[in-house]
Structures are given as C-alpha cells and as structure tokens.
Amino acid sequence: MTKPSLPELLHAAVTAVGGTERPGQVSMAEAVAEAVDDNAHLLVQAGTGTGKSLGYLVPALAHGERVVVATATVALQRQLVERDLPRTVDALHPLLRRRPQFAMLKGRSNYLCLHRLHEGAPQDEEEGLFDQFEAAAPSSKLGQDLLRLRDWSDETETGDRDDLTPGVSDRAWSQISVSSRECLGATKCAYGAECFAEAARERAKLADVVVTNHALLAIDAIEGAPVLPKHEVLIVDEAHELVSRVTGVATGELTPGQVNRAVRRAAKLVNEKAADALLTASEGFERVMELALPGRLEEVPEDLGYALMALRDAARTVISALGGTRDKSVQDEDAVRKQAMASVESIHSVAERITQGSEYDVVWYERHDRFGASVRVAPLSVSGLLREKLFADRSVVLTSATLKLGGDFNGVGASLGLAPEGTAGDDVPQWKGLDVGSPFDYPRQGILYVAGHLATPGREGSRTDMLDELSELVEAAGGRTLGLFSSMRAAQAAAEDLRGRQDKPVLLQGEETLGELIKNFAADPETCLFGTLSLWQGVDVPGPSCQLVVMDRIPFPRPDDPLMSARQKAVEEAGGNGFMAVAATHAALLMAQGAGRLVRAMGDKGVVAVLDPRLANARYGSYLRASLPDFWYTTDRNQARRSLAAIDAAAKAAQ
C-alpha cells in the first residue's frame, strides 16, 4: 500500500472535524511536515480561522515520532484533547494503518492528591484543625467545595482540576493538591498506586502526542530534571505567550507571610536552636519589608542583604536538621516533613539567588494592597535559556495568530533567542518564518479607526475627550462593544461614565467571573464588555455582539515596571533601541491580539477604534499598525460613526 499524501491526510482530518480546507492551512501543514522531516525550526503565523491546530497535528501524526504540543490556555488544551485529536486520529487511522495515542500532561498541583484528601493537609497551628473537612464548616463555601471534591474523587478518572465543573476556589483546591516539592513520591506514598499525577505521567510515556502547557515546558527546560517524556518534535501553540510564561516560572518571590508559614511548619521537626534561628531571621526580614517601597533595586540594600543572608543560613541549617528529628506528637510525619522541607527550600533558593547577585537577574520590591510587600527576582532575559534548552536537539514549530510584528518575525525570534532569519553559523539555530495569512478579507470586513484628534494620553488624570469619543462610538454601534483598557482604573472609569450617559448594559471585568461575562456579552447585542489584560486575548465572540473593539490607549508597559524597564535599559546599553525592542514589541503583540477579537468568522464586520492619536502621529505608529490585521484605515471620525451605524442597522435587519 502506498503511503498516503499529506493533502489526503489533511482532507480526511478536516472533513472529520466538520471544517473546510483553507489554502493557509495547506501551506502550514506542508511547511510543518518539511520542518519535522528536516529536523529544522519554523515560526508560522496563522490568522484566526486558518485551522492551525490541524495544520500542525496532521503532519505531526503522519511523521510517526513522539510529539509534544505545548499551549498557553486550558481552553485550547481541552479543544485539542476532547475534539481535534480524537476526530483526527479516527480519520487518519485507516490511511496511516495505525492509531496514534495521545495524552494530556500538566504540573502535579493540577491533579487531586489522594494522600492529602484522605490524610488531611498538614495545617499550621493557627489555621485550625488537622482535618480540613472538619475545620471548614459544611455550611461555608469552603466546606461545600471540600465535600464536593471528596465526592468527585470517587467519580473522576483523571483527578484533573480542569475536569471539575463547576470549579472550586484556589483555597479549596490547595487543601487537596500538592506541588512536586511537597509530594512524598509514588514509592513512599500509601496511595502511590492510585495516584492521578503518576497515572497521567504513565499515559504520557506511552502516547505519540503529549499535550501540555507552557509552564510545564518551562519547568522541563529550567529545572534540568525532565518532566516531559523524550520527544523528537516540539510544537508550541500560542507561541506569543511563551516568553512571559517562561519568565513567570523563572521568577522567585519572598514575602513575610510565606517565611512565617515555613517557620511554623518546621518548628516541630527540628531542634530548638535551628527553629529559633529561622524565627529570628524571619522577624528581621519582616522588619525590613515593612519599610519596602515599590521599585527596582539596582543594588540590594544593605539591610535587605543582611536579612536575606540570615534567612539563607537559617534555612540551610533547618534543611540539614529536618532529616533527623522525630516528634511523636506529629501525625503523618512524612507528609508534614515534606511540606516543611518544600517551604524552607523555596526560601533558601530565593534568598541565595538574590544574595549571590547576578547581572542577569532583576530584583525589585512590590507592594500589594492585600498581601503587603514582597521582594522578587526574575531573569533579565530568557532568550539564552530558550535558545539553549528549546532548540538544541529536536525540531521546534512555533505558531500563533500574532508572531509577525512590524512586518517580520525577527522581533519575536530575538525574544526566543534566535538570530535574525537567514543568519548562518555553527551554533546558531536555523529557522524559517512563514505567514500563511487568514481566510478573512480584512480590508472588506474591518476598519481601523485612529482618533487622531484626541489629546495624547498622560500617565494620570481623566480623559474627558476620550470618554466623549467612546460614548459616541458606542451609540453609533448600538452597543456591541468590547472595551480593552490599559488599566483596571481606566476600565472602571469608562464603565461608570457610560452607565451614566446611556441605557446600554455595560459589563465590567471583576464584577462576575470571566466566563459568565463573556457568555452574557455574547447573548445580548446591545451589551458592552469592558476590562483589561485577559480580555485582550481571551474573548472569542463571533457575530453581531462584537462589532466595535475599542482600545483606550497604546498598551506600552508602565514606565515603572521594574522588569520591562530593566530589559529596555539592557538593550540600550548593548547599543540597540530599547524602546522598540521591548516597549513597542510588547504593545504591538497586545494590540495585534486585541484587534484579533473583532473578526472571528467569515461574516463578521466591524471597527477597531484606537483612542490614542500616537498610533497615527508618532514615528513608531507605522510599526504598530503593520503588526495589526490589514483593516481599511481611517482617522475620519465621521466615517467611523457612519460605518458603525450602517453595520448596526444591517445587524438589526438580519435579526
């Protein structure tokens, strides 16, 4: 039997999921197949509606080697495992004459821990009784969540938090889950044979396709101990998110509350001298943090340095002492010791990292209204790490609807540790960039309107001209508006203002769960939805409910953002343009994602309105506009209103 061609396989898969083959999808599949066969690297931009999941799954499954697919959102993971992969495997089975296996793998804390569930979470003395089910009153929300989790544990086959519907609070989940550091290990745990996390790992070892998340991919790369099974091909979907997810995993944090918990957990398990030293160091750290002011620490202040060295040394002593002491009054001592060890090791590693000091790290203070002050440390750049760990010994395909910024892939490539496309060299990963376009006719389906007549937004203060403009646009659109704001304060001010001027319902992020807000927004065309960052990339509402997307300003990072400003400064000191490399790239990525909320289906029409004149007038405006979909462009406010009114009238006539 002759080997089936890629077009045959793609046609079978697309038919199975009820889709339509698109030229961009075919081009993508061919490029992925070529990259995988040549053990090469590919960056591919595939616009909304291309069908990019099948564009990489089909050639990956046809190749026959193990593939890891890493994605940023739970929604896409579920779509892959519950819809795309089962149907694709069924469709390809007769052609390939084999049935590829697939599995989902996440970090350990995403799975219910049977030991925690049955033996109870080791509690700090001030936090109540040992048995969390008794400690939480059954009538309380926490108590109800815990009882529901206990019932669910008898029914679930996966123990995966994302399979629990409706979900539970982080507080409830933390009572029945463990981090990898807190886990006793399958051989030492009474429930090791039934462990959900271990079962997921075993399934992944046998699978041809392993679906995971960016965070686990980052842990696999950073910590050296492999958590993903060996694989020949890595596909990173939603690749525009990868750098921030890896940065998040590589960021350390210390808070007085976290240190106090570690002191309480370790106190009963070590000798009095070791416990007292950690307590004294904890009190010294807390005193320093009471005076901490938010901002970057170019050099670690002397008082913080002493406090961290004391913490580091006391933590090291406790870690050594934790091995030997046995306290007859402690129930389930192995679990209690493991939790204490995890807490103290975390403090030791962050304190040591900051006190050692590295030119490649950024240290700063943060202050949170609710949780108080913290000291944080993050890598100045993750590009070297990604170049070394990601591209070394496997074919890597990175894909997203937004990878081509300012007209090429080099900006995103640089953040991933890649030299400009086409650069030759023995130790330089070779890669290609491909833009397969979108099936949408952007110039006919959408308008990019920039309000060039408005005042340039300042850092603070009300923008009455912007609010007037917003109100007029929403009025012309008949509602149907997704408002994307650069801060929660701006979103709240706009919602309050519009509620006072118009009778159209305005939903505001934070007033309800995100899923509920999006559902209500989609259900009523007259409704507006206002919010911040998660709305810029988390809303998929095709049809007449979203025909106006408004951005209040260009979403540059805050000038006082310690990590972004440090990265910008580092680029400038190396002779580059820090503003363009960091701030403009960050803004371009977000704006491309935000503008992508408008056209989600072939029949969608509407306006993206940017209420920041700098997009029209500033030198960097053309770079940002080149990163957006190719909408018809105007700065004519009357044209924007007329178009919105016509779209509104057409939508009402079609109802």
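**Notebook: loops, cysteines and a helix pair**

Leaving aside neighbours within four places in sequence, I found glutamine 502 in contact with Ser471, Val474 and Glu475, where contact means heavy atoms within 4.5 Å. I note that this is a predicted model, in which local features need pLDDT of at least 70, side-chain atom pairs count only at pLDDT 80 or more, and totals for chains, interfaces and linings use all residues. Residues are numbered from 1 along each chain as its sequence is written, and side-chain values use heavy atoms, with hydrogens and water left out.

**Entry on glutamine 502**

I placed glutamine 502 in the loop between helix 20 (488–501) and strand 14 (506–508); helices (H or I, at least four residues) and strands (E, at least two) are DSSP runs, numbered from the N terminus. A polar atom of its side chain lies 2.8 Å from the backbone oxygen of serine 471. I also looked up glycine 479, which is 23 residues away along the chain, and the C-alpha atoms of glutamine 502 and glycine 479 are separated by 9.7 Å. Glutamine 502 is buried, with a relative accessible area of 10%, and I use buried for under 20% relative accessible area, exposed for over 50%, and partly exposed for what is in between (1.4 Å probe, protein chains only).

**Entry on threonine 527**

Threonine 527 lies in the loop between helix 21 (514–523) and strand 15 (528–531), and it is buried at a relative accessible area of 4%. Not counting residues up to four places away in sequence, I list Gly479, Arg480, Thr481, Pro505, Leu507 and Phe521 as the residues it touches. Its side chain makes a polar contact with the side chain of aspartate 524 (2.8 Å); such a contact is a pair of N or O atoms within 3.5 Å, where within protein one must be able to donate a hydrogen and the other to accept it, and residues adjacent in sequence count only if both atoms are side-chain atoms.

**Entry on backbone angles**

Most residues other than glycine have a negative phi, and most peptide bonds are trans. I therefore wrote down arginine 97, which is not a glycine and has a positive phi near 60°, and which counts as exposed at 63% relative accessibility. Arginine 97 sits in the loop between helix 4 (74–96) and strand 3 (102–104). Glutamate 238 also is not a glycine and has a positive phi, of about 50°, but glutamate 238 is buried, with a relative accessible area of 14%. I found a cis peptide bond joining threonine 165 and proline 166, with omega about -10°, and proline 166 is in the loop between helix 7 (141–155) and helix 8 (170–174).

**Entry on cysteines**

Cysteine 546 is buried at 1% relative accessibility.

**Entry on helices 2 and 3**

Which residues of helix 2 meet helix 3? I listed Gln25, Met28, Ala29, Val32, Ala33, Val36 and Asp37 in helix 2, which meet Lys52, Leu54, Gly55, Tyr56, Pro59 and His63 in helix 3.
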